Amino acid sequence: CVGRPVEGIDVKVIRISDDPIPSWDGSLECTTGEIGEIAVRGPWVTPSYFNRPQATALAKINVEGDGFYHRMGDIGYFDDRGRLWFCGRKAHRVVTKFGTLFTIPCEAVFNTHPAVFRTALVGVPYGGDVRPVICIEREPGHAIDDETLKRELLELGSKHPHTAGIRALLVHPAFPVDIRHNAKIFREKLAVWAVKKVR
């Protein structure tokens, strides 16, 4: 939960799309509790990317006579108290034939295990579909073996509808991260690694 929008910023949650949205239409907006892409407008929001017209077209939604919305590339939803919840990056969602999974809600379930430092949801092509995989970075100093840890994590996941279908777990020695801030996981690199591990 990231709280309520600050004064002066208009925040909308719109239906997820990877295509440009040239102009604003009220039908784009999600209902309360529905997960979508976060879009903002206000005096601090830049009107375009410098010399990147394609990126600008993908990120900006024109509001006729009243500015524009900027598509954040972040996924989230509003609850019934007007609070905004963050669910991860749009580019990191895992779309399967059974539905779409979002990184933050899924990882939060597995991160509660005391032997887990952090996890990362990735998608792996598998049998004509995409298989959701949870990569695990262990908390140092825990004696539990990998197979026992996986079994306990599967049990944790089975208790929640959005993680019950995740059956592939991989232990990774140390996640690749952005050196500027250790919290940003390079999920794209993890996905390439996971493809080689999932059978």
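Q: What makes Arg138 count as buried?
A: Arg138 has 19% relative accessibility, and buried means under 20% relative accessible area (exposed is over 50%, partly exposed in between, with a 1.4 Å probe and protein chains only), so Arg138 counts as buried. This is a predicted model in which local features need pLDDT of at least 70 and side-chain atom pairs count only at pLDDT 80 or more, while totals for chains, interfaces and linings use all residues. Residues are numbered from 1 along each chain as its sequence is written, and side-chain values use heavy atoms, with hydrogens and water left out.

Q: What makes Asp146 and Arg138 a salt bridge?
A: The closest N and O atoms of Asp146 and Arg138 are 2.7 Å apart, and a salt bridge needs a side-chain nitrogen of Lys or Arg within 4 Å of a carboxyl oxygen of Asp or Glu, so the pair qualifies. Asp146 has a relative accessible area of 33% and is therefore partly exposed, whereas Arg138 is buried.

Q: How do you know that Glu137 and Arg118 form a salt bridge, and where do they lie?
A: The closest N and O atoms of Glu137 and Arg118 are 2.8 Å apart, which meets the salt-bridge criterion. The pair links distant parts of the chain, with Glu137 in strand β9 and Arg118 in strand β8, 19 residues apart. Glu137 counts as buried at 10% relative accessibility, and Arg118 counts as buried at 12%.

Q: Why does the pair Lys90 and Glu37 tie together parts that are apart in sequence?
A: The side chains of Lys90 and Glu37 meet in a salt bridge with an N to O distance of 3.2 Å. Lys90 lies in the loop between β5 (84–89) and β6 (94–96) and Glu37 in strand β2 (residues 36–41), so the pair joins parts that are 53 residues apart in sequence. Both Lys90 and Glu37 are buried. A search of the whole structure finds 12 salt bridges, and a network of them links Asp10, Arg41 and Asp66.

Q: How do you know that the reach of helix α3 is close to the expected one?
A: Helices here are DSSP runs of H or I with at least four residues, and strands are runs of E with at least two, numbered from the N terminus. Helix α3 (residues 146–158) has 13 residues and reaches 18 Å from its first C-alpha to its last, and the expected span, 1.5 Å times one less than the number of residues, is also given as 18 Å. At the start of α3, a side-chain oxygen of Asp145 comes to within 3.1 Å of the backbone nitrogen of Glu147.

Q: Which residues of α3 are buried, and what do they pack against?
A: Thr148, Leu149, Leu153 and Gly157 are buried in α3. The buried residues of α3 pack against α2 (103–110), β8 (116–126), β9 (129–138) and β10, where contact means heavy atoms within 4.5 Å.

Q: Why is Asp178 counted as buried, and what does Asp178 touch?
A: Asp178 has 5% relative accessibility, which is under the limit for buried. Asp178 is found in the loop between β10 (168–172) and α4 (187–197), and touches Lys184 and Phe186, not counting residues up to four places away in sequence.

Q: What makes Val2 count as exposed?
A: Val2 has 57% relative accessibility, which is over the limit for exposed. Val2 lies in the segment before β1 (10–14).

Note on methods
Polar contact = N/O pair within 3.5 Å; in protein donor to acceptor, adjacent residues only side chain to side chain.
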